[in-house]
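Trainee: I would like to learn how to read the features of a model like this one. Could we take them in turn?

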Amino acid sequence: MRIFAANKAALAGLAILLIFVFLAAFAPLLTSQDPTAQNIAAAFQTPSSQHWLGTDDLGRDILARIMYGGRYTLLIGLVAVSIATVIGVPLGLISGYLGGLVDTAIQRCTDIMLSFNPFLLALVLVAVFGVGAKSVTIAAGIGVIPQFIRLARGQALTIREDVYVEAAIAFGEKPMAILRRHVLRNSLTPIIVYATLNIGLTILVAAGLGFLGLGVQPPAPEWGTMLGEARAYIFHSSYQMTFPGLAIFLAVLSFNLLGDGLRDAFDPSLRD
């Protein structure tokens with residue numbers, strides 16, 4: 001914790017993330033604007049004291065939509081990475097520890113998935129599952145599963161050669177018990193760091209799908225969807241794209257800074 005507290009960039013990332021979480025959680029108390037209510041008479045208003053970030057083409061308050069939209073964007077990133085972790089980590093640990101045909105089968109499937117980048121894989125999956133928040137979350141999560149498989153496999157390959165694992169085998173512990181008690185526990189640090197970094201990636205994937213009209217559907221105020229709706233007015237009222245884009249940038253940056261800070265904090269070489 002001392003190393004993390006001394007990392008100003010990590011603290012800045014944590015502060016940005018906490019601000020977004022606070023705005024999303026307490027949006028009904030912080031603004032009286034309805035993020036989905038249309039008021040054509042108030043359309044295309046530039047930022048002012050009444051509408052701090054202006055209004056969109058349907059007269060909806062952009063600040064309110066960003067605040068409520070944080071619920072969709074942050075939750076999608078968190079749940080998608082949770083899906084990837086729950087599926088990818090066990091498969092990677094089993095693959096690395098058991099080896100043989102099991103390792104070969106899992107790694108060949110992983111290679112196939114890695115032939116797509118996460119966004120293209122998510123795009124294919126959305127075409128299969130359909131559009132919507134649930135489909136986007138599942139697609140974004142599946143898109144980063146192969147990275148977690150490779151990370152966990154690498155950890156398992158290293159840890160299975162350690163003395164305490166050999167001692168557990170000598171005492172007759174079963175492979176699944178060794179995986180749970182020794183391999184998984186000693187792999188948690190890099191997994192937590194990698195999961196934190198990948199939340200930003202899944203947010204970008206979800207936002208990209210929303211921008212293409214394949215993500216969270218209107219009138220829900222998801223940030224990528226807001227970008228997609230505003231692209232027709234990029235030259236007429238660029239602020240409609242600027243503020244959601246800035247929100248996505250800051251959210252991804254916060255998770256990257258936080259992940260880097262956690263990696264440094266967990267690095268034994270930096271401890272006294």
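Trainee: Which helix gives the largest share of the nonpolar patch?

Mentor: This is a predicted model, and in it helix H6, residues 118-129, supplies four residues of the patch, the largest share. The members are Phe116, Leu120, Val124, Val128, Phe129 and Ile138, and together they have about 510 Å² of accessible area.

Trainee: Is Phe129 buried, partly exposed or exposed?

Mentor: Buried means under 20% relative accessible area and exposed means over 50%. Phe129 has a relative accessible area of 43%, so it is partly exposed. Its place is in helix H6.

Trainee: And what is the relative accessible area of Leu123?

Mentor: The figure for Leu123 is 27%, which means that this residue is partly exposed. Leu123 also belongs to helix H6. Leaving aside neighbours within four places in sequence, Leu123 is in contact with Leu209, Leu212 and Leu214.

Trainee: How should I think about nonpolar side chains in the interior?

Mentor: In soluble globular proteins, nonpolar side chains tend to be buried together. For this chain, the largest nonpolar core has 62 residues. The members that touch the most others are Phe20, Ile66, Leu93, Phe148, Val183, Ile203 and Trp223.

Trainee: Which residues is Ile203 in contact with, leaving aside its neighbours within four places in sequence?

Mentor: Ile203 is in contact with Thr73, Leu74, Gly77, Ala251, Val252 and Phe255. For the chain as a whole, take the contacts with a separation of 6 or more: residues 24 or more positions apart account for 72% of them.

Trainee: How many helices and strands does the chain have?

Mentor: There are 13 helices and zero strands. The C-alpha trace spans about 75 × 45 × 30 Å along its principal axes. Of the 272 residues, 46% count as buried. The accessible surface comes to about 13500 Å², and 68% of that belongs to carbon and sulfur atoms.

Trainee: Which residues does UniProt list for "transmembrane region"?

Mentor: Treat a record as a label to set beside the coordinates. The UniProt entry, which is unreviewed, lists residues 12-30, 72-99, 119-145, 191-214 and 234-258 under that name. In the model, residues 12-30 are 95% helix and 0% strand, with end C-alpha atoms 23 Å apart. Residues 72-99 are 96% helix and 0% strand, and their end C-alpha atoms lie 39 Å apart.

Trainee: Where does UniProt place the feature "domain: ABC transmembrane type-1"?

Mentor: The unreviewed entry puts that feature at residues 70-259. This span is 81% helix and 0% strand, and its end C-alpha atoms are 20 Å apart.

Trainee: What about the backbone: which peptide bond is cis?

Mentor: Look at omega for the peptide bond and at phi for the residue. The bond from Pro218 to Pro219 is cis, with omega near 10°. Pro219 lies in the loop between helix H11 (188-211) and helix H12 (223-230).

Trainee: Which residue has a positive phi although it is not a glycine?

Mentor: That is Phe44, with a phi of about 60°. Phe44 sits in the loop between helix H3 (27-30) and helix H4 (62-98). Its relative accessibility is 30%, so Phe44 counts as partly exposed.

Key: Residues are numbered from 1 along each chain as its sequence is written. This is a predicted model: local features need pLDDT of at least 70, side-chain atom pairs count only at pLDDT 80 or more; totals for chains, interfaces and linings use all residues. Side-chain values use heavy atoms; hydrogens and water are left out. A nonpolar core is a set of buried Ala, Val, Leu, Ile, Met, Phe, Trp, Tyr and Cys residues joined through side-chain atoms within 4.5 Å. Buried means under 20% relative accessible area, exposed over 50%, partly exposed in between (1.4 Å probe, protein chains only). Contact means heavy atoms within 4.5 Å. Patches are made of residues with over 30% relative accessible area and no salt bridge: like charges are joined within 9 Å, nonpolar side chains (Val, Leu, Ile, Met, Phe, Trp, Tyr) within 5 Å. Accessible areas come from the Shrake-Rupley method with a 1.4 Å probe; for residues, only the protein chains shown count as cover. A salt bridge is a side-chain nitrogen of Lys or Arg within 4 Å of a carboxyl oxygen of Asp or Glu. Helices (H or I, at least four residues) and strands (E, at least two) are DSSP runs, numbered from the N terminus. UniProt positions are given in the numbering used here, feature names are shortened, and annotations may be inferred rather than shown by experiment.
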